[in-house]
Amino acid sequence: MCAAMTEAAPSPRPQPAGYRWLVLLACSVAMFGNYYVFDALYPVTPLLEKAFGFTGEQVGLLDTAYNVAALLTLLAGGVLIDRLGTARSSVLFGAIGAAGTLLIAFGPVLTPGTPALGMAAGRFVLGVGSELFIVAATTVVGRWFKGKEISFALAIQLLIARFGSLAADQSPNFAGGLFERGWQAPLLLAGVLGVAWFVFAVIYAGLEANAARRYGVKGTVATDKLVLGDLVRFDRAYWWVVGLCVAFYATIFPFRTFANLFFIDYRGLTNEAAGSLKSVLPLLSMIGMPLFGLLADKFGKRALMMAAGSALLVPPFLLMLWWHTGVVLPEVRLPLLGTVLAAGTPLELVLAMAMMGLAFALVPAVLWPAVTYLVPGSRLGSAYALMTFCQQVGWAGMSWGMGKVKDAGHASAAAPGGWVPVVLMLAVLSSAGFVFSFLLWRSERGAGAHGLEDVTPREHA
Ligand SMILES: C[C@H](NC(=O)[C@@H](N)CCCCN)C(=O)O
């Protein structure tokens with residue numbers, strides 16, 4: 001019987017054991033589409049430069065449009081999820097996201113004089129649907145799996161989602177014909193996946209409705225009357241998790257944005273080798289997350305795992321800057337994925353990325369489920385939305401700051417030293433993440449612990 005039954009009406013019929021996994025599958029396939037459409041833009045940017053003369057700043061603005069939309073809507077959207085329920089919210093945000101994806105593919109044609117504007121409008125609409133859908137999907141897992149395989153379930157959802165990112169990264173390989181046709185065809189493929197995202201959101205909502213009808217499982221839980229101050233009134237431990245979330249993702253995501261340039265300028269890698277090296281991150285994360293999720297469900301020790309993961313994130317930046325083994329590796333190819341490591345990649349960079357990949361598996365596998373231990377189910381949507389809001393602020397600020405420091409230091413292949421302060425910024429921020437996780441671990445060892453270190457959650461006061 002599902003743990004979410006504590007928040008449900010008495011069940012007229014027993015719910016099949018596998019039902020919550022079916023719910024998870026539908027939600028996760030929708031997340032695959034969601035992550036694909038977000039990342040599908042990047043391999044197309046060279047074609048946009050060629051077709052419309054997009055500048056680097058214009059490409060950057062496409063990301064900013066997404067971040068701004070998310071920031072403007074996340075807080076109200078989180079409350080909406082708690083009030084409307086995850087099923088209706090998912091369909092709503094899936095529909096907005098799919099519309100955004102199609103607008104990205106048609107935007108430049110709709111605004112012929114200013115193609116970047118049409119596309120930015122699409123990214124804005126996508127930003128509204130995408131981040132709120134992720135919040136709703138995370139809340140679904142939190143409510144259906146709380147106290148029962150939650151870390152594993154969330155890891156499976158993220159594994160399928162990150163496979164969407166990986167597929168988008170690899171799209172020039174498996175959909176090379178579309179790329180030969182120009183910028184629009186690959187974005188139309190993303191549009192198809194955007195529609196698939198919406199379709200699976202509807203399927204998930206159907207499963208919720210069926211569960212309510214046949215098994216008496218409620219999709220929504222009673223929320224108290226909304227008081228504005230409640231939006232930010234959470235336990236201190238919640239804020240340590242938010243601090244870690246901000247520092248961790250504001251390190252990882254901006255690093256992924258600048259990684260190609262850094263590896264090319266600072267270490268002389270080719271663009272192909274840099275891209276392959278970068279993809280070690282999602283790959284290791286996909287493999288490691290379910291394993292760490294299982295470990296957390298079986299042994300608890302979630303705060304300790306977060307501390308270990310965030311500690312692992314610090315050394316790679318220092319190693320990438322100053323460690324030279326002189327050893328280079330041969331090409332590594334995997335079935336389906338093709339080249340995951342180009343010939344001649346330096347060993348120390350692979351080791352650094354492997355450490356970072358482990359951190360990218362360990363921390364997300366326990367960080368998101370941890371919130372269900374810290375806030376009541378009725379406020380889970382708001383809690384995730386607030387955390388994502390803070391994450392977006394950190395992510396956007398750090399990307400902008402790194403770009404500024406890079407420009408100020410004139411970092412380039414001719415002046416690789418300009419990269420040192422940029423990468424040191426990442427080392428400092430990842431250390432801050434470790435401090436937050438240490439504070440969380442310490443508070444979970446005291447009298448006010450929430451059970452993060454235990455196998456099963458404690459009841460909320
Ligand atoms: C679960 C977490 N997701 C996020 O952090 C999202 N707010 C941003 C995802 C951006 C790529 N679509 C994760 O992926 O670890």
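Modeller: Domain bounds here come from an automatic or database domain assignment. This is a predicted model: local features need pLDDT of at least 70, side-chain atom pairs count only at pLDDT 80 or more, and totals for chains, interfaces and linings use all residues. Residues are numbered from 1 along each chain as its sequence is written.

Colleague: Into which domains is the protein divided?

Modeller: The protein splits into domain 1 (16–221) and domain 2 (231–456). Their centres, taken over C-alpha atoms, are 22 Å apart.

Colleague: How many residues of each domain are in contact?

Modeller: Two residues are in contact if their C-beta atoms, placed from the backbone, lie within 7 Å. Here, 36 residues of domain 1 are in contact with 38 residues of domain 2.

Colleague: Which element gives the most to the side of domain 1 that touches domain 2?

Modeller: Helices (H or I, at least four residues) are DSSP runs, numbered from the N terminus. On that side, α3 (56–84), α5 and α6 (150–174) give two or more residues. α6 gives the most, with 15 residues.

Colleague: Which residues are around the ligand?

Modeller: A residue is near a molecule if its C-beta atom, placed from the backbone, lies within 6 Å of it. The shell consists of Y35, F38, E131, I134, L158, Y249, P364, W368, T388 and Q391. Two or more residues come from each of α1 (19–39), α5 (115–145), α14 (347–374) and α15 (380–408).

Colleague: How many residues does each domain give to the shell around the ligand?

Modeller: Domain 1 and domain 2 each give at least three residues.
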